[in-house]
Amino acid sequence: MKKYITDEKNGLDYTLVNGVYLPNLISTETNYEIGLWGQRHLRYIKEYRKVFYLNLKTNCKLNSYLHDVDVRATEMYDRLVKQLKEQHGITEQLKANDMMAWVQAMNNITNQAREIIHQEIVYAI
């Protein structure tokens, strides 16, 4: 009997131990820090996309997948805030002249960017 085999149906590797094949359950997944967007997406797929979540988890791809989601969402958020600031004419001059108007405008812009990220990345697959 071979010491190591791979099951073609499920893609798992097995090792022969005392005449019995046992699955290799050591995680080969990386351990990235997951930020806000990745954590929100994780909650979403755990609750509404359970099969997708379990497939990622059993294939040791969950952490890297969530890291990719987090990076894409963060980059998109930063880009959207910058674009919306330019579109609405929010400048440092406004900040210096009228702080409350600037805070109001920036809160508006960040809320718009968050909603777009939620719709297009966090709650979408």
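View 1. Val17 is partly exposed, with a relative accessible area of 36%; partly exposed lies between buried (under 20%) and exposed (over 50%), for a 1.4 Å probe and protein chains only. This is a predicted model, in which local features need pLDDT of at least 70 and side-chain atom pairs count only at pLDDT 80 or more, while totals for chains, interfaces and linings use all residues. Residues are numbered from 1 along each chain as its sequence is written, and side-chain values use heavy atoms, without hydrogens and water. Together with Val20 and Leu22, Val17 forms a nonpolar patch on the surface, with about 220 Å² of accessible area in total. Areas follow the Shrake-Rupley method with a 1.4 Å probe.

View 2. Val17 belongs to strand E2 (residues 13-17); strands are DSSP runs of at least two residues, helices of at least four. E2 pairs with strand E3 (residues 20-23) in the antiparallel sense over four bridges, where pairing requires at least two bridges found by DSSP. Thr15 stands opposite Leu22 in E3. Between the strands are two residues, and Asn18 takes a positive phi near 50°.

**View 3. Thr110 in helix H5.** Thr110 is located in helix H5 (residues 99-122) and is buried, with a relative accessible area of 14%. Contacts of Thr110 (heavy atoms within 4.5 Å) include Tyr77 and Val81, not counting residues up to four places away in sequence.

Definitions and conventions
Patches are made of residues with over 30% relative accessible area and no salt bridge: like charges are joined within 9 Å, nonpolar side chains (Val, Leu, Ile, Met, Phe, Trp, Tyr) within 5 Å. A salt bridge is a side-chain nitrogen of Lys or Arg within 4 Å of a carboxyl oxygen of Asp or Glu.
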